[in-house]
Amino acid sequence: MAVTHFPFKAGRFNLFTITLVAILCAAFYLVGVWQHSVGKAILFVGGNYGCTTSTATFQTSSETAVVDLDFTAHHTAADLQVIPKARRPHLPPCDPKLYEYTPCEDRERSLQFDRDRLIYRERHCPSAGEILKCRIPAPAGYKLPFSWPESRDFAWFSNVPHKELTVEKKNQNWVRFEKDRFRFPGGGTMFPRGANAYIDDIGKLINLADGSIRTAVDTGCGVASWGAYLLSRNIVTMSFAPRDTHEAQVQFALERGVPALIGVLASIRLPYPSRAFDMAHCSRCLIPWAQSDGMYLIEVDRILRPGGYWVLSGPPINWENHWKGWERTAEDLQDEQSKIEAVAKSLCWKKLKQKGDIAIWQKPTNHIHCKKNRKVFKFPNFCQGQNPDTAWYTKMEPCLTPLPEVSDIKETAGGQLLNWPERLTSVPPRISSGSLKQITAQNFTENTELWRKRVAYYKALDNQLAEPGRYRNLLDMNSFLGGFAAALVDDPLWVMNIVPVEADFNTLGVIYERGLIGTYQNWCEAMSTYPRTYDFIHGDSVFSMYKDRCEMEDILLEMDRILRPQGSVILRDDVDVLVKVKNIAEAMQWECRIADHEKGPHHREKVLVATKQYWTAPASEEENQEKQTSSVN
């Protein structure tokens with residue numbers, strides 16, 4: 001059969017289809033251009049056109065109208081205040097008896113662990129199922145602490161209701177009870193004339209005034225009078241002591257406005273990086289320095305800066321004049337001092353001076369000679385393959401932490417630090433040497449300027465932060481290079497800088513090289529401090545960092561535990577994260593609001609500003625009866 005073709009009709013159909021498609025594409029393109037044009041508006045009203053870049057003008061038969069075009073963001077932080085809330089958790093107050101609860105230094109839990117080398121006094125945190133889901137109360141009658149510098153000398157009894165030290169240390173001038181408060185005369189076991197006079201004595205042996213000594217650590221600090229009185233000399237001290245029979249000594253230190261942590265020299269490293277402190281101190285701290293193969297002095301050596309000092313007073317120093325009062329034999333004390341001297345020599349320390357009750361050793365500025373004399377001192381050997389800055393549940397080892405290599409005997413290992421205050425803003429040696437990969441000198445300078453601007457913005461959001469003296473104890477939960485603390489250095493406060501162990505970079509050594517202090521922390525666990533430690537808490541991207549690691553609720557409850565009533569919090573994070581944080585925080589009776597990023601509303605990162613409301617445990621029947629009796633009298 002023949003097949004008939006119709007080429008003419010098929011061609012007409014194809015031409016018609018192509019033309020129709022072209023017309024439709026052009027029409028949709030013009031509509032799209034009209035809808036999505038930015039910067040110009042074309043309006044047609046009453047048969048007339050108007051065109052403008054920021055306003056639209058059109059005319060009617062009787063008048064001309066101008067319409068402003070709005071290019072601003074229509075969703076700001078203010079809108080987040082009214083977002084429908086998810087179901088809020090129930091976070092009731094804890095039992096009033098828990099007003100001094102320290103989860104990782106809980107006495108009952110500690111009894112499960114070995115008493116050898118005080119292991120039972122180390123951190124032992126509750127398991128996930130044991131974490132309390134309630135808010136730790138302040139004791140009845142709690143008052144805002146005295147402002148600095150008055151707080152150095154006074155604390156309210158109602159805030160730390162313990163009189164044990166006023167009896168036990170009555171003759172040593174630690175603390176006295178007077179009516180409704182404690183008074184701290186500044187004394188200590190080895191400085192009955194007061195901490196200032198004692199520090200003057202140290203200053204006659206080494207230079208405390210030229211800024212070369214900025215960071216110090218006080219082992220077994222008591223109520224931290226040594227650290228308290230060093231602050232006026234621009235020396236900031238990390239004081240620590242265990243939670244032991246000397247009830248509330250660290251709590252007294254914090255209530256006075258002095259940096260302190262609960263801690264102990266036992267079997268794990270102290271939570272500080274290597275080469276952190278210019279000076280270490282022990283005043284009758286009862287640490288057995290000569291025992292366990294000198295392990296505790298080896299740990300002090302790790303955290304002591306090249307050329308740094310170790311100051312020791314109390315037994316066995318000056319045993320010739322004190323052995324009877326110390327209730328030990330002269331032979332025993334002489335033997336102890338000999339062993340300490342031997343350990344110090346094995347670490348290549350030089351004994352500078354011993355005068356009266358004070359002895360001072362100095363760590364070498366490098367290890368050139370120390371490596372050579374290993375032929376003489378077979379022990380301790382240098383550590384091999386370990387990171388000297390790793391210090392979170394890291395076991396102590398009986399080996400000497402090697403200093404960075406140098407090419408000349410006069411060179412300072414790791415780099416020479418400038419004196420304070422120049423070291424605060426100079427590029428830290430850990431950065432300038434390239435030890436921290438991907439962090440450059442330019443990054444450091446830019447970060448310092450960034451936090452200067454951010455802190456200025458924070459002070460506009462929280463007028464109490466801008467008020468000198470309102471806040472004394474501050475915590476930065478994710479400090480990175482310490483820029484937040486550096487921006488506040490001229491205010492009468494101190495900042496505990498935290499480098500989370502989960503952070504991408506271990507920068508705590510940089511923070512110490514700036515002349516600031518801090519510690520490591522895993523925020524899935526409680527901090528080694530008492531309730532109501534801090535007036536102000538800052539956190540940068542903390543909750544994004546710990547997403548899927550632990551419960552947001554648990555981190556916030558820990559923040560609530562360590563924050564004082566009427567204390568404030570500033571958190572910066574992704575907007576979706578902060579909305580969830582705000583929901584939980586309000587369940588904890590925090591007053592919250594979310595503000596825009598300092599650069600404006602076009603950033604997903606926002607800033608949450610919160611204040612913890614004042615509330616306390618109810619007064620007991622005995623307390624109520626005492627009040628009634630006193631009112632009658």
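**Disulfide tour**

Start by selecting C524: with a relative accessible area of 25%, C524 is partly exposed (that is, between the buried class, under 20%, and the exposed class, over 50%, using a 1.4 Å probe and protein chains only). A quick note before moving on: this is a predicted model, where local features need pLDDT of at least 70 and side-chain atom pairs count only at pLDDT 80 or more, while totals for chains, interfaces and linings use all residues. Residues are numbered from 1 along each chain as its sequence is written, and side-chain values use heavy atoms, leaving out hydrogens and water.

C524 and C550 form a disulfide (a pair of cysteine sulfur atoms within 2.5 Å), with their sulfurs 2.2 Å apart. Look along the S-S bond and you have a left-handed link, at -85 degrees.

Next, select C348 and C370. Their sulfur atoms sit 1.9 Å apart in a disulfide, and this link is right-handed, with 80 degrees about the S-S bond. Both ends are buried: C348 at 15% and C370 at 2%.

Then jump to C282 and C285, joined with an S to S distance of 2.0 Å. The link is left-handed, at -90 degrees. C282 is buried at 2% relative accessibility, and C285 is buried at 11%.

How many disulfides are there by this rule? The count is six. With the bonded cysteines of the protein chain numbered in sequence order, the pairing reads 1-4, 2-3, 5-6, 7-8, 9-10, 11-12.
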